[in-house]
Amino acid sequence: MKKLFAIVLMALAIPAAAKVNVASLKVNHLAQPAGITGNPTFSWIGSSDRSSDCQSAYEIKVYDIDGRAVWSTGKVLSDNSVAVKYAGAALKPASRYCWQVRIWDSKGKPSRWSAKQTFLTGLEKDGWKAKWIVPPMTEESPLLRGTFNVKKPVKSAIAYFTAHGVYEPFLNGAKVGDAFMAPGYTSYNHHLMYQTYDVTDLLKRGENVMGAELARGWYLGMMGWTNPESFRINFKEKEWAFLGQIVITYKDGTREVVGTDGSWKTATGGVLHSAIYDGETFDAGRQVAGWSSAGFDASRWGSVKVADYGFDNLALQTNEQVKTEQTVAAKELIVTPKGELVIDFGQNLVGSEVINFTGRPGQEITISHAEVLDQDGNFYTTNLRTAKAQSRYVCDGKPRQFTTRFTFYGFRYIKIEGIPQSEINLDDFKAQVRFSDMEPTGSFTCSDSLVNQLQSNIQWGLRGNFVDVPTDCPQRDERLGWTGDAEIFARTATFNRGTYAFYSKWLKDVAFDQLPDGQVTDIVPMVHGLVGAGHVGWADAATIIPWTVYMAYGDPQVLEDQYDSMKKWVDFIIGAAGESCLWNTGWHYGDWLAFDVDNDVAGRSSVTYVPVLQQCHFANSATIVADAAKVLGRAEDEAYYRKAASKAREAFCKAYVTADGYLVSHTQTAYVVALVYDMVPEDMRPLLAARLKERVESYGHITTGFLGTSHISNALTACGMDDVAYKLLLHKGYPGWLYPVTMGATTIWERWNSMMPDGTIPDNGMNSFNHYSYGAIGEWLYREAAGLKEAEPGFKKICVKPHPGGGFSFMKAELNTPYGKAVSHWTLEGNNFTLNVEVPFNTTADIYLPTADGYKLYTVGSGKTQLSSEI
């Protein structure tokens, strides 16, 4: 006898007056907004102790530094709490503002006013009074200092810095902020970011010192893997430079601007060498004590030259800076069979080592970095290719904390040279994890420990490859913003971190680097001459990622910003396809790193016919542009691109599909992309689904590469084959998601077989052990297995539809949506299925409860709901 139970968990007694609150304020989707230009957007999260409650109205107030209200919305009857755009008088540049909000619940009861959140405004082009200054180009990193006097009480001081190269700013002996690798990695000719800091508390009466230390970074570094000297990034300027300005507002209401100019002085300090790929050398004996403090004698320092680089390419940074998120302790000291002294941190990570050590004057320590040990247990760096990835520290006989500041490494292991084993204390060795400081948003846990480790690997892969740009890998002579990798991982990324600002910044460079004919470059920022453009799956990042970000966060601004770029890419495809509506020209990466068999006389290698991939992506990108046009109210564009997508699908069916549901390319990937991109009529989907199932069963494992792996589990679930999807997930052999886990991996590998079962490592010239692409399975874990996904953009309406199976006894997915925390948590004991759901305030959810007869739909409001059934 089938049973079905539904319990809505509510408070035992509803109070006479429910309590409504508002918190978690954000400006431009950032909880800690560093700088704002134009009209900002305001977001917040409400809460109520009454179930099924929602916001019925809001009121926003914005105040200037003196506490005067510069904008008030009044009471606005609206349930919108995401990205409400400022509509007051133009905000003054170089100013501090704050804002707060209150809301009304569904019964008309108001909340208290929220706490105030502060934000700073940036500079307009004509607001720059400082001069670009240029120190001599040397191997050593230059120090720069300038002095100014403060004669009156200060109300506010806002600093703006940027550089050619990377920099750390200082004021009166203290580092300004806690970021690394500023100003970040962008398409510098078009888009060089400057950073904003509130330095009010760092100023003092009398003499003040503003300073900076520079290094080559991306701007002046070698980027590329073949003859790197040939692929120096092609920027206009070939020398480092620094630009700094502080706008001081005094308590008497007057303002003063101080900044870099020809009076500044320069010298070199302790950083003797720094490069993204090769590492950093620091000599403690050459460090200049007190150089950025008042009273320092800089009479022997050299002069700087002033350069007229202009300000046209400057843009205020509006995404998160790279910071240290956590510190990992050393786990074990290993003496390898070769006698190497190696420390294992237990986790493949990205950042830098931190060493507390005194040492003898002149004693040199060399730290090398590796992701894995070889099959014999020795230190392994072959996969780094030409990247040296070494830190060198020269001691001065004083206690020091050594770390790098202008580069980063991908590593689990460090090899120590220059310190005897007897002097190594594990407590003195730590690793700092550094990446873009995005808010953690999601978690996934389940009853299978290997899958939990897979989830951990996915999150660590994100940490390691989100160092200001979404990179392919963080360790070898590459570390570039490959568009294909970014595209297939984007949806998984949104479930684990708050990526709106991160992707929005990077997408600007996608558009900047786009070729005049609409082709999108393979890597962004582009290293010209290294790779090409217009390749299927890679170039589609221009359409897929903006739409993904919109669906995750509900703010159409990303579509508005990228719309022209999205159209240009699809217009290129339409032109290339011509009257046949078949895009089948050009060289492409195809289903990159799919299952491959050496000496494949039996034809078991999974090579997908590239025109099939091209046509599917053509239809999908055209559909996305049509959908974006609809959101933006551009009806004519919507009709045009909807028709282009329809023609692309019709041409696909005529050219590549047989009447029996076979594709001309009989691979898992071919069937997957045809299904997820809706390439065939509804009555043919079961035929393609059957072919896909046959392909999986024929191999007994996954055979997809980059373009198929991100979608195969979704395709199987959409076609009612959860059992097959779970078999792929839980496959422990090669190739499969759990194979690296069984081999001890702590991040996602680039290849299904980056390491063989006997521990041997293929020396194939391209083998990263931290490469997030195959971690795209994370999307399926959250959205399908646990069953938590958006029913409307930004999770304003939520869909909870779990897919139990695979022998799991529980799964739990949590996500901090733009409206608050959503949870889907199911358990299965025998046939007894229980589903616990949490729906945030101001949203609703459609809950699909699995039963023995299929799914039963419940629509609920905010609060906690428990549903049970027998299945």
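Helix axes are lines fitted to C-alpha atoms over the stretch in contact, with angles running from 0 to 180 degrees between N-to-C directions. Helices (H or I, at least four residues) and strands (E, at least two) are DSSP runs numbered from the N terminus. This is a predicted model, in which local features need pLDDT of at least 70 and side-chain atom pairs count only at pLDDT 80 or more, while totals for chains, interfaces and linings use all residues. Residues are numbered from 1 along each chain as its sequence is written, and side-chain values use heavy atoms, with hydrogens and water left out.

**Helix pair H3 and H5**

The axes of helix H3 (residues 500-513) and helix H5 (residues 557-577) come within 10 Å and cross at roughly 15 degrees. H3 is therefore roughly parallel to H5 (angles under 35 degrees count as such). In contact (heavy atoms within 4.5 Å), Tyr-500, Ser-504, Leu-507, Lys-508, Val-510 and Ala-511 of H3 meet Gln-557, Val-558, Gln-562 and Ser-565 of H5. These contact residues divide into five nonpolar, four polar and one charged. Here Ala, Val, Leu, Ile, Met, Phe, Trp, Tyr, Cys and Pro count as nonpolar, Asp, Glu, Lys and Arg as charged, and the others, Gly among them, as polar.

**Pockets and cavities**

On a 1 Å grid over the protein atoms alone, a cavity is a set of points where a 1.4 Å probe fits but cannot get out; a pocket is an open set with protein on both sides within 12 Å along at least five of seven lines, and lining residues have an atom within 4 Å of a point. Grid points are joined across faces, edges and corners, and a volume is the space filled by probe spheres set on the points.

| Space | Volume | Lining by class |
|---|---|---|
| Largest pocket | about 1,100 Å³ | eleven nonpolar, eight polar, twelve charged |
| Second largest pocket | about 850 Å³ | 16 nonpolar, 16 polar, eight charged |
| Largest cavity | about 80 Å³ | eight nonpolar, three polar, one charged |
| Second largest cavity | about 60 Å³ | five nonpolar, four polar, one charged |

Of the 31 residues lining the largest pocket, Val-676, His-711, Asn-714, Glu-779 and Arg-783 lie nearest its centre. Elements that each supply at least two lining residues there include helix H2 (483-496) and helix H4 (541-553).

There are six cavities of 30 Å³ or more. The lining of the largest cavity includes Trp-737, Trp-749 and Trp-752. The second largest cavity is lined by residues including Arg-491, Tyr-553 and Phe-795, and the largest share of its lining, three residues, comes from E40.

Notes
Parallel < 35°, antiparallel > 145°, perpendicular 65-115°, else oblique.
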